[in-house]
Amino acid sequence: MDKKVWLTKEPIDPNDCIEKVVRNEAGAVNTFIGTVREFTKGKRTLFLEYQSYVPMAEKKLAQIADEIKTKWGNTDTAIAHRIGRLEITDIAVVIAVSTPHRADAFEASRYAIERIKEIVPIWKKEHWEDGTKWLGDQKENKSYAKNMPSEEDMDHD
């Protein structure tokens, strides 16, 4: 795969992201791996489902990579995010950022995950042990229990 940002229903191999950003001038490659956790706010999660508007989500992931390059300069970024059903401990997202120096790589990776949760149209549905479910944005601030996001919710420019 030639793309540096993508969504997939298949398991993510972190090395796929790392290999896309390794380069001679980079002295640091920072990798963030987000996994499905078992407990959310005291409730036991059985599994998650991620849904997305894929074309827009991939554009927003590319936008984040561009923002990182603008903010930190000499960077290269790869981001992969799963969609579909994920089990506990499955990898949900991998971010790899290469920079000449480690401080920028750490900061840029943190920036990337926070921006993903802010602007990328990916919705999380948690299935809990008590039979309840939660569907909403990735920051867990906005519920879409009654319906999917509106056009306004999907447009975060």
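Student: Which backbone oxygen does the side chain of Ser-109 reach, and at what distance?
Tutor: The side chain of Ser-109 reaches the backbone oxygen of Ala-105, at 3.0 Å. That is a polar contact: a pair of N or O atoms within 3.5 Å, where within protein one must be able to donate a hydrogen and the other to accept it, and residues adjacent in sequence count only if both atoms are side-chain atoms.

Student: Before we go on, what sort of model is this?
Tutor: It is a predicted model: local features need pLDDT of at least 70, side-chain atom pairs count only at pLDDT 80 or more, and totals for chains, interfaces and linings use all residues. Residues are numbered from 1 along each chain as its sequence is written, and side-chain values use heavy atoms, with hydrogens and water left out.

Student: Back to Ser-109. Buried or exposed?
Tutor: Buried, because its relative accessibility is 3%. Buried means under 20% relative accessible area, exposed means over 50%, and partly exposed is in between (1.4 Å probe, protein chains only).

Student: Where does Ser-109 lie, and what is it in contact with?
Tutor: Ser-109 lies in helix 3. Leaving aside neighbours within four places in sequence, Ser-109 is in contact with Asn-30, Ile-95 and Val-97. Contact means heavy atoms within 4.5 Å.

Student: Zoom out for me. How many helices and strands does the chain have?
Tutor: There are 4 helices and 9 strands. Those are DSSP runs numbered from the N terminus: helices are H or I with at least four residues, strands are E with at least two. Along the sequence the pattern reads β-α-β-β-β-α-β-β-β-α-β-β-α.

Student: And what percentage of the chain counts as buried?
Tutor: Of its 157 residues, 46% count as buried. Take contacts between residues at least 6 apart in sequence: 70% of them join residues at least 24 apart.

Student: Let's do helices. How do helix 2 and helix 3 cross?
Tutor: Helix 2 (residues 54–72) and helix 3 (residues 102–119) have axes that come within 10 Å and cross at roughly 145°. Axes are lines fitted to C-alpha atoms, for helices over the stretch in contact, and angles run from 0 to 180 degrees between N-to-C directions.

Student: Which residues meet there?
Tutor: From helix 2, they include Leu-61, Ile-64, Ile-68 and Trp-72; from helix 3, they include Ala-108, Tyr-111, Ala-112 and Ile-116. The contact divides into 9 nonpolar, 1 polar and 6 charged residues. Here Ala, Val, Leu, Ile, Met, Phe, Trp, Tyr, Cys and Pro count as nonpolar, Asp, Glu, Lys and Arg as charged, and the others, Gly among them, as polar.

Student: What about helix 1? Which of its residues are buried?
Tutor: In helix 1 (residues 14–21), the buried ones are Pro-14, Cys-17, Lys-20 and Val-21. They are on the same side of helix 1 because they cover an arc of only 130° around the axis. That arc is the one of the directions from the helix axis to the C-beta atoms.

Student: What covers them?
Tutor: The cover includes strand 1, strand 2 (28–35), strand 5 (76–82) and strand 7 (91–99).

Student: And which residue caps the N-terminal end of helix 1?
Tutor: Asp-13 does, with a side-chain oxygen 2.9 Å from the backbone nitrogen of Asn-15.

Student: What is phi at Thr-89?
Tutor: Also positive, at about 75°, and Thr-89 is not a glycine either. Thr-89 lies in the loop between strand 6 (84–87) and strand 7.

Student: Asp-90 is in that loop too. What does its side chain reach?
Tutor: The side chain of Asp-90 reaches the backbone nitrogen of Glu-87 at 2.8 Å. Not counting residues up to four places away in sequence, Asp-90 touches Gly-34, Thr-35, Val-36 and Arg-82.

Student: Last one: how accessible is Asp-90?
Tutor: Asp-90 counts as partly exposed, because its relative accessibility is 23%.
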